[in-house]
Amino acid sequence: MKNVSLLIKPASGLCDMRCAYCFYADETEHRQEKNKGMMTLKTAEKLIDSAFSSVEKRGSVTFSFQGGEPTLAGLDFFRSFVEMAQARNPGGVTVQWGLQTNGLRLNEEWAAFLARQRFLTGVSIDGDLSSHDAFRRDAQGQGTYGRVKEHLALLREKGAEANILCVVNSLTARSPKKTYRALKALNTGFLQFIPCLDPLGAARGKMKWSLTPEAYGQFLCGVFDEWFQDWRAGRYVSVRLFDDLVHMALGQPPSTCASCGQCGGYLVVEADGSVYPCDFYALDEWRLGSVEEGISALMACEKMRAFIQRSRSKPAACADCAFFPLCRGGCPRDWVQGAGGEENYFCRSFTALFRYAWPRLLQIAQAERLAMGGPRG
């Protein structure tokens, strides 16, 4: 394998926050063994060896940590993990590091470590204080915005590379411009918006935080207006979805699995070494095996092949959709049964965005092409 990408859950689904909409807390409730405990260094060692034995010479391995809340594993665990990876790298393999965190436990020591080891650190913040604290509270029921904002500033102060992940829910969707401006003011320069998920097996749109297709479409269009104004004024702000669309307009591949047309770009490793094909499918029925069996073997196993093939079988509505080259069906986690068969729950959201924004996205792509010395149009 040329590239190996692993999403590691060193603290399983354990978390020091109680976000109302947490999809992974819901997911663990659907497993026989809800909590996989804390990852031991022995399991980490097996994981590292499996990754390096599966990658080609001069290939790359990405170790990304997510939860639950991964920092609950402790800074010493992360230090040991990095040291083991450095010592066990066979040579010539590029290693990249990532961490997605709620930000509560970050301090100067964490920030210095993440900066020194060049972790790309994603911090979860949902807009401004009122929208963030509505659904992202700690275990005592207290708001977390002030602490998270303060710890994000520590990352920037220490020179750590950080971006912001915002979950779009019923509340943030009402105020796209306010949400964008509040996040932009935190000065990371990199934003990612992802739609909130309803619980597994539940009817969509019934929870207090539920995001409807109409609300999400209006949110994306509202954020795009702000983002485009910044671009036109020479103020670059990276919004991952919009960046992807510009890249696709230039004939380049997208960066997200939801836009690339099929699943299978990474594997999830739970705290006990169990391996799953996707963060949204870390369920008993999709368990591929253990890291001890080898990453290459698990990527090639029958269940993984079935998972990938499943993602290639698009909803019927995709067949004659003019925007399919941009959407490519989206994430299978969003496929639901509609009146006419299976469909993407957020199809109308993205259709609204593409119709609204595509001429201006082409304008940006043309400007990028000229800046790179390419031909016009």
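In what order do the 10 strands of the open sheet run? In this predicted model, the order is β7-β6-β5-β4-β3-β2-β1-β8-β9-β10, and the pairing is mixed. Look at the two edges and you'll find β7 (238–239) and β10 (289–290). Each of these has a single partner strand, so one side of each is left without a neighbour in the sheet.

Strands of a sheet pair through backbone hydrogen bonds, either parallel or antiparallel. Here β2 (residues 60–65) and β3 (residues 94–101) go for the parallel sense, with six bridges between them.

Now jump to β11 (residues 335–338) and β12 (residues 341–344), which pair in the antiparallel sense over four bridges. The two make a hairpin, with two residues between the strands. Glycine 338 has a glycine as its bridge partner too: glycine 341, in β12.

## Two helices side by side

Helix α3 (residues 75–88) packs against helix α4 (residues 108–116) at an angle of about 15°, and their axes are 11 Å apart. Angles under 35 degrees count as roughly parallel, so that is what α3 is to α4. The crossing of this pair is left-handed.

Which residues of α3 and α4 make the contact? On the α3 side they are Leu75, Phe78, Arg79 and Val82, while α4 brings Glu109, Trp110 and Phe113. Sorted by class, the contact of α3 with α4 has five nonpolar residues, two charged ones and no polar ones.

Is aspartate 230 buried or exposed? Its relative accessibility is 2%, and the cut-off for buried is under 20%, so aspartate 230 counts as buried. If you leave out residues up to four places away in sequence, aspartate 230 touches Tyr180, Lys184, Arg235 and Val237.

Aspartate 225 is also buried, because its relative accessible area is 14%. Setting aside its neighbours within four places in sequence, aspartate 225 is in contact with Tyr356 and Arg360.

Most residues other than glycine have a negative phi, and most peptide bonds are trans. A few places in this model are worth a click on that account. Start with the bond that joins glycine 67 and glycine 68: it is a cis peptide bond, with omega about 10°. Glycine 68 lies in the loop between β2 and α3, the latter being the helix that packs against α4.

Next come two residues with a positive phi. Serine 12 has a phi near 55°, a positive value although serine 12 is not a glycine. You'll find serine 12 in the loop between β1 (3–8) and α1 (23–28). With a relative accessible area of 0%, serine 12 is buried.

Arginine 118 is the other one to check, with a positive phi of about 60° in a residue that is not a glycine. The loop that holds arginine 118 runs between α4 and β4 (119–124). What is the relative accessibility of arginine 118? The value is 72%, so arginine 118 counts as exposed, whereas serine 12 is buried.

Methods. Residues are numbered from 1 along each chain as its sequence is written. This is a predicted model: local features need pLDDT of at least 70, side-chain atom pairs count only at pLDDT 80 or more; totals for chains, interfaces and linings use all residues. Side-chain values use heavy atoms; hydrogens and water are left out. Two strands pair if DSSP finds at least two bridges between them. Buried means under 20% relative accessible area, exposed over 50%, partly exposed in between (1.4 Å probe, protein chains only). Contact means heavy atoms within 4.5 Å. Axes are lines fitted to C-alpha atoms, for helices over the stretch in contact, and angles run from 0 to 180 degrees between N-to-C directions. Angles under 35 degrees count as roughly parallel, over 145 as roughly antiparallel, 65 to 115 as roughly perpendicular and the rest as oblique. A crossing is left-handed if the near helix is turned anticlockwise from the far one by less than a right angle, and right-handed if clockwise. Ala, Val, Leu, Ile, Met, Phe, Trp, Tyr, Cys and Pro count as nonpolar, Asp, Glu, Lys and Arg as charged, and the others, Gly among them, as polar.
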